[in-house]
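Student: I have a structure open here and would like to go through it with you. Could we take it piece by piece?

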Amino acid sequence: MSEFTVYPAIDMRNGKCVRLIQGDYEKETIYGHSPLEMASLFAEAGANWIHLVDLDGAREGKKVNDSYVISIAAELNVKVQVGGGIRAEKDVYDYLSQGVERVILGSSAVSNPEFVKKMLKAYGRHIAIGLDARDGFVSTEGWLETSSVRAEELGRELANEGAEVFIFTDIATDGMLSGPNINSTVELARATGKQVIASGGVSSLADLGALASRAAEGVSGAIVGKALYTNQFTVAEALERVAAK
């Protein structure tokens, strides 16, 4: 059976744990005042990975909440993947050398493909490519811009350059608890032949089960945020559900 990982998500803004709806900074809910505390609750519940997003970083194009990321990686027995505001090799190196397992490159995949290819060559599986799509086209700059590049095309190109892991978000579903876009996730896995982690829209244990059932096709995990914060299910229940698949 192919492995399927649940990634509880912590989105950080001003040092707090927040959720945005469809990436809109005006639609923010604060769910906690300490990312480390939140991460330790997820770790205690059995999570092996934590997915961290530096929202301020994504917006400003530089790392802002990195001290929280590094303390989680250092103090907890979990693997950490982080995205947001990572634009230079120094950013990547700083995170990886301080215990972060995986760094997510998103906007730069479109705006600075040479940089991304260089990072893939240097750091291989420690780089994940975040592809956020609106109607199949890749969005960049904290979702403020939509490019003319199709997610599958970019995915295929970067897989050829050594990308092993993709994180796919269908923006229409993000933070809406409306169910993930399973077909698009599977299509990206098929197009690239690589692991794809689904992000956005998971609202129930049934959604998780549906994604986990496609693990053999390359869907290797799901990032879960709002559903945990609004108590649709717990991390422990999520882990149990995907283990049952």
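**Helices, annotated sites and rings**

Tutor: Helix 8 is followed by Gly193, whose phi is positive, near 70°; helices here (H or I, at least four residues) and strands (E, at least two) are DSSP runs, numbered from the N terminus. This is a predicted model, in which local features need pLDDT of at least 70 and side-chain atom pairs count only at pLDDT 80 or more, while totals for chains, interfaces and linings use all residues. Residues are numbered from 1 along each chain as its sequence is written, and side-chain values use heavy atoms, with hydrogens and water left out.

Student: Okay, which residues of helix 8 are buried?

Tutor: In helix 8, which spans residues 182-192, the buried ones are Ile182, Thr185, Val186, Leu188, Ala189, Ala191 and Thr192. Buried means under 20% relative accessible area, exposed means over 50%, and partly exposed lies in between, with a 1.4 Å probe and protein chains only.

Student: And what covers them?

Tutor: The cover includes strand 7 (127-134), helix 7 (151-160) and strand 10 (165-170), and also strand 11 (195-199), helix 9 (205-212) and strand 12 (219-224).

Student: What about helix 4, what do its buried residues pack against?

Tutor: Asp91, Val92, Asp94, Tyr95 and Leu96 are buried in helix 4 (residues 89-97), and the buried residues of this helix pack against helix 3, strand 5 (79-83), strand 6 (102-105), helix 6 (113-123) and strand 7. Just after helix 4, Gly99 takes a positive phi of about 100°. Tyr95 also has the charged end of Lys63 over its ring, 5.2 Å from the centre; a charge sits over a ring if NZ of Lys or CZ of Arg is within 6 Å of the ring centre and within 35 degrees of the ring normal.

Student: Changing topic, which residues does UniProt list for "active site"?

Tutor: The unreviewed UniProt entry lists Asp11 and Asp132, with positions given in the numbering used here, feature names shortened, and annotations that may be inferred rather than shown by experiment.

Student: Is Asp11 buried or exposed, and what does it touch?

Tutor: Asp11, found in strand 1 (residues 5-13), counts as buried because its relative accessibility is 10%. Not counting residues up to four places away in sequence, Asp11 touches Lys16, Cys17, Val18, Arg19, Val53 and Leu55, where contact means heavy atoms within 4.5 Å.

Student: And where is Asp132?

Tutor: Asp132 is in strand 7, and its relative accessible area of 18% is why it counts as buried.

Student: Now the rings: how many aromatic pairs does a search of the whole structure find?

Tutor: The search finds 3 aromatic pairs. In one of them, Tyr31 and Tyr229 are stacked, at 5.0 Å centre to centre with 25° between the planes; rings of Phe, Tyr and Trp (its six-membered ring) pair if their centres lie within 6.5 Å, and planes under 30 degrees apart count as stacked, over 60 as edge-to-face and the rest as tilted. The pair links distant parts of the chain, with Tyr31 in strand 3 (residues 24-32) and Tyr229 in helix 10 (residues 226-229), 198 residues apart.

Student: Why is Tyr31 partly exposed?

Tutor: Tyr31 counts as partly exposed because its relative accessibility is 26%, whereas Tyr229, at 12%, counts as buried. The rings of Phe42 and Tyr229 have their centres 6.1 Å apart and their planes at 65°, so this pair is edge-to-face.
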